[in-house]
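Biologist: I have not looked at this structure before. Please show it, and then I will ask about its parts in turn.

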Amino acid sequence: MEQTDTRTRAGSPVGRRVVLGVVGLGVAGVVAGRWLSEGVSDVVASTAPGLAGVIPAAGGFRIYTVTNGYPPFDPATYRLTVSGLVAEPKSLSLDDLAELPQTQMTKDFQCVTGWRVDDVPWSGVLLRDLLAESGVEPGGQALQLTSFDGAYTESLTLDQAMRDDMLVATTMYGAPLEVKHGAPVRLVAAPMYGYKSIKWMDGIEVTREVIPGYWEVRGYDVDAWVGRSNGRTDEPVV
Ligand SMILES: Nc1nc2c(c(=O)[nH]1)N[C@H]1C(S)=C(S)[C@@H](COP(=O)(O)O)O[C@H]1N2
Ligand SMILES: [Mo]
């Protein structure tokens with residue numbers, strides 16, 4: 001399971017760490033709901049013809065959506081907003097995103113329900129590079145991420161968001177994200193279980209505290225480190 005990161009241009013790390021106040025939220029993960037089947041109305045194996053040659057033969061992605069189908073978008077009007085406790089709120093077009101420093105990383109993708117895909121190449125903008133564009137204000141300690149599917153949300157602490165393996169991804173296997181995988185923009189929270197990697201992402205709001213996401217209010221652990229349960233070694237920061 002090769003793990004590589006490549007920065008193609010220097011970013012501008014915010015270089016600011018905060019002490020986090022999320023102790024206690026993790027207990028949510030021990031409730032029975034954690035092992036719900038993820039309630040998927042639409043689960044299909046990802047063997048799209050165009051990707052047949054690049055998706056590893058052993059184990060493919062399962063496609064999840066909590067709504068009925070995949071939300072449509074128009075590349076011309078799509079915007080990713082950065083709001084909340086930031087010095088400069090942003091509304092970024094796909095062209096704006098393409099002009100920011102691009103980062104590539106190859107990471108394993110692991111769903112909490114057990115399936116896993118090794119060595120997935122992604123590219124896009126590091127979450128921390130994106131946040132640096134807006135500047136996180138004092139008091140901002142977490143992110144709430146939203147999807148234009150109108151239903152899914154996710155959360156990260158600011159310390160988690162500042163890691164160098166949290167990517168706002170626009171490509172996968174060297175091609176623009178497919179709609180089923182979250183086009184045009186998804187998060188890849190590489191060291192965490194897949195449910196953190198929100199698809200069809202359209203909003204990043206800097207908040208004072210963690211606001212548990214879609215599956216987290218349904219029982220999943222807010223602190224979703226891969227390795228807590230299966231021996232992976234990605235180091236948590238908190
Ligand atoms: N908007 C949205 N994002 C989502 C989900 C979802 O249902 N809706 N499912 C999550 C879960 S549980 C996993 S494992 C991954 C799966 O990514 P994939 O559908 O690209 O395989 O997406 C995550 N992001
Ligand atoms: Mo998942």
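Biologist: In what order do the five strands of the open sheet stand?

Modeller: This is a predicted model. The five strands make up an open sheet in which the pairing is mixed. From one strand to the next, the twist averages 15°. The order is β3-β2-β11-β6-β7.

Biologist: Which strands stand at the edges, each with a single partner strand?

Modeller: An edge strand has a single partner, so one of its sides is left without a neighbour in the sheet. The strands at the edges are β3 (90-92) and β7 (153-157).

Biologist: Which residue in β3 does T81 stand opposite?

Modeller: β2 and β3 pair in the antiparallel sense, over three bridges. T81 has as its opposite in β3 the residue S91.

Biologist: Which elements give two or more residues to the largest nonpolar core?

Modeller: The largest nonpolar core has 39 residues. Among those with the most contacts inside this core are L127, L130, L143 and I204. The elements that give two or more residues to this core are β2 (80-84), α2 (127-134), β6 (142-147), α3 (158-161), β8 (166-172), β10 (186-189) and β11 (201-207).

Biologist: How many residues has the other core, which lies apart from it?

Modeller: Among the members of this other core are F109, W122, A169 and M172. The core has 19 residues.

Biologist: With which residues is I204 in contact, leaving aside its neighbours within four places in sequence?

Modeller: I204 is one of the residues with the most contacts inside the largest nonpolar core. Leaving aside neighbours within four places in sequence, its contacts are L80, T81, V82, S83, L127, L130, L131, L143, Q144 and L145.

Biologist: Is R163 buried or exposed?

Modeller: R163 forms a salt bridge with D165, and their closest N and O atoms are 2.7 Å apart. Buried means under 20% relative accessible area. R163 has a relative accessible area of 12%, so R163 is buried.

Biologist: What does K90 count as, by its relative accessibility?

Modeller: K90 forms a salt bridge with E88, the closest N and O atoms being 3.2 Å apart. E88 is partly exposed, with a relative accessible area of 43%. K90 has 22% relative accessibility and therefore counts as partly exposed.

Biologist: Which residues do salt bridges that share partners join into one network?

Modeller: The count comes to seven salt bridges. One of them is between R116 and D118, with the closest N and O atoms 3.0 Å apart. The network is made up of D108, R116 and D118.

Conventions: Residues are numbered from 1 along each chain as its sequence is written. Chains are lettered from A and ligands numbered from 1 in the order in which they are written. This is a predicted model: local features need pLDDT of at least 70, side-chain atom pairs count only at pLDDT 80 or more; totals for chains, interfaces and linings use all residues. Side-chain values use heavy atoms; hydrogens and water are left out. A nonpolar core is a set of buried Ala, Val, Leu, Ile, Met, Phe, Trp, Tyr and Cys residues joined through side-chain atoms within 4.5 Å. Buried means under 20% relative accessible area, exposed over 50%, partly exposed in between (1.4 Å probe, protein chains only). Helices (H or I, at least four residues) and strands (E, at least two) are DSSP runs, numbered from the N terminus. Contact means heavy atoms within 4.5 Å. Two strands pair if DSSP finds at least two bridges between them. Axes are lines fitted to C-alpha atoms, for helices over the stretch in contact, and angles run from 0 to 180 degrees between N-to-C directions. A salt bridge is a side-chain nitrogen of Lys or Arg within 4 Å of a carboxyl oxygen of Asp or Glu.
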